[in-house]
Amino acid sequence: MGDSNAVDAGRTRRRRTKFAAGRGVTAQAVNGSSAAECHSSSPAGVSNSDTNGLKKKRDHSLETSKSEKKQRRNDISDRLSCHKSQESLLSSASGYSNYRGILNWCVVMLVLSNARLFLENLLRYGVLVDPIQVVSLFLKDPYSWPAVCLVIVSNVFVVVALYTERQLSMSSFSEHVGFLVHCINLSILLTFPAAVVLFVPSMTPVGSSFALGIYTILFLKLYSYKDVNMWCRELSTVKAKKLVRSLSCPSTQNFNRGDQTVSYPGNLSIKDIYYFVFAPTLCYELNFPRSPSVRMSFLLRRLFEMLFFIQMLVGLTQQWMVPIIQSSMKPLEDMDLSRMTERLLRLAVPNHLLWLMFFYSFFHSSMNFSAELLRFGDRQFYNDWWNAETVTYFWQNWNIPVHKWCLRHFYKPLLRRGFSKMISQSAVFFLSAFFHEYLVSVPLRMFRLWAFTGMMAQLPLAWFVGRFLRGNYGNAAVWISIIIGQPFAVLMYVHDYYVLHYRPEVEG
């Protein structure tokens with residue numbers, strides 16, 4: 001018995017030794033580390049990664065339970081309270097500004113309302129669009145093109161301006177003689193086309209307006225050309241740094257991104273002056289900012305927009321505006337106030353719509369087309385005038401080329417001569433009123449000063465809106481002045497044109 005017990009005990013010890021050795025080998029194979037590392041930190045058979053995994057699971061389960069408890073508490077609090085202190089969206093204090101849906105609704109309502117008016121117009125007058133009639137607006141005689149000839153003659157004034165500047169650069173002309181020649185050239189530039197329009201019977205009102213518009217633009221360009229070259233002469237002779245104008249005479253700076261720059265008098269060339277004549281700007285520079293290349297896709301899009309809007313303007317004018325204007329050809333003394341107001345409001349909507357289309361087609365499509373074709377870099381032809389809260393802001397931002405010219409060549413020179421801001425600003429409006437009247441009265445061959453009065457009336461209107469109306473109220477006042485003011489002037493000119501040309505025939 002004793003031997004058997006001893007044998008059994010030995011066998012048991014050998015089994016335990018084998019089991020412990022096998023367990024140690026298994027732990028070493030799993031952990032990839034020595035047995036000493038296993039015994040140093042955790043109980044036998046349990047690795048560090050297993051311990052960390054268990055801890056992470058416990059922590060995650062605790063966080064989950066906490067978040068569930070917090071969510072349950074929030075659910076209970078939401079059931080108990082559903083209100084908080086906040087402003088309505090349409091209140092100005094809410095800070096809400098996303099009115100895209102309302103804007104889309106306004107566009108849809110505008111389209112539907114004008115579609116109703118368009119259908120009524122078609123049912124009442126039929127189709128009035130006639131391309132042949134459009135040609136007759138420019139030409140009375142197909143073999144006589146006085147407006148086109150007048151535009152071609154304008155090249156003479158460009159050549160005279162260039163010749164005068166070349167003589168001044170070589171000191172062949174004194175400054176006084178050059179100034180006198182420029183004054184004569186610019187004066188004839190305005191009076192000659194007006195005389196042709198007034199005394200040549202074959203000039204139509206539409207063709208006259210086109211030719212006079214070209215001459216007015218050329219007058220502003222050549223005036224800027226004269227001023228900038230004079231400033232360059234002052235810089236080259238007197239070296240007065242105070243006379244440097246913004247981007248006037250860049251001799252050392254490179255504004256063309258790799259293109260060759262020009263310094264005075266190297267700019268006095270036919271190529272340079274005709275680039276300026278065709279560029280979409282009124283302010284001359286020796287080195288204009290240039291775009292790197294011509295983008296054909298952009299150019300074709302602008303060309304398509306130009307053609308599309310020209311057709312729309314012509315079609316809507318014939319179909320919509322002409323019948324209203326013809327029905328308004330009646331002396332004011334034969335109309336009561338309610339009838340006159342009704343015609344004014346009927347004229348306001350199509351006139352404003354055509355004005356908006358003209359703005360986009362000219363200031364965006366046409367000017368970007370010419371700028372892209374000439375690689376002209378400065379494309380800021382307008383700013384956000386539709387957000388104008390004052391009349392002054394509107395006039396400063398709806399026509400940037402004219403605003404830059406007035407600021408650079410008229411307003412700031414008056415300030416430097418000692419005039420106050422109010423007088424200088426009034427002088428700018430006076431100049432603008434003169435050209436508005438020039439472009440309307442001369443083609444119609446009658447002088448009634450309605451355009452001049454309308455422009456000068458912007459001064460008290462600007463003062464009133466800037467002083468008493470702010471924010472949305474000011475913006476609404478600007479829009480009302482645009483929508484109502486233009487058709488009122490049109491109605492006045494239509495009335496006077498009717499009295500001047502048709503009333504004697506009716507009375508006779």
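Predicted model: local features only at pLDDT ≥ 70, side-chain atom pairs only at ≥ 80, totals over all residues.
Modeller: Residues are numbered from 1 along each chain as its sequence is written. Local features need pLDDT of at least 70, side-chain atom pairs count only at pLDDT 80 or more, totals for chains, interfaces and linings use all residues, and side-chain values use heavy atoms, without hydrogens and water.

Colleague: At what angle do α4 and α11 pack?

Modeller: Helix α4 covers residues 100-125 and helix α11 covers residues 296-327, with axes 11 Å apart. Axes are lines fitted to C-alpha atoms over the stretch in contact, and angles run from 0 to 180 degrees between N-to-C directions. Roughly perpendicular means 65 to 115 degrees. The angle is about 75 degrees, which makes α4 roughly perpendicular to α11.

Colleague: Which residues in α11 meet α4?

Modeller: Contact means heavy atoms within 4.5 Å. From α4 come N114, L117, F118, N121, L122 and Y125. Their partners in α11 are Q319, W320 and P323.

Colleague: Which element gives the largest share of the lining of the second largest pocket?

Modeller: A pocket is an open set of points on a 1 Å grid, where a 1.4 Å probe fits, with protein on both sides within 12 Å along at least five of seven lines; lining residues have an atom within 4 Å of a point. This pocket has 27 lining residues, and L103, C106, V107, L110 and L356 lie nearest its centre. Elements giving two or more residues are α4, α11, α12 (337-374) and α18 (471-501). The largest share, 8 residues, comes from α4.

Colleague: Which residue just after α4 takes a positive phi?

Modeller: Most residues other than glycine have a negative phi. Here the phi is about 80 degrees, and the residue is G126.

Colleague: Which residue has a positive phi although it is not a glycine?

Modeller: Look in the loop between α7 (155-169) and α8 (175-199), where S171 lies. Its phi is about 65 degrees, and the residue is S171.

Conventions
Helix = DSSP H or I, 4+ residues; strand = E, 2+ residues; numbered from the N terminus. Parallel < 35°, antiparallel > 145°, perpendicular 65-115°, else oblique.
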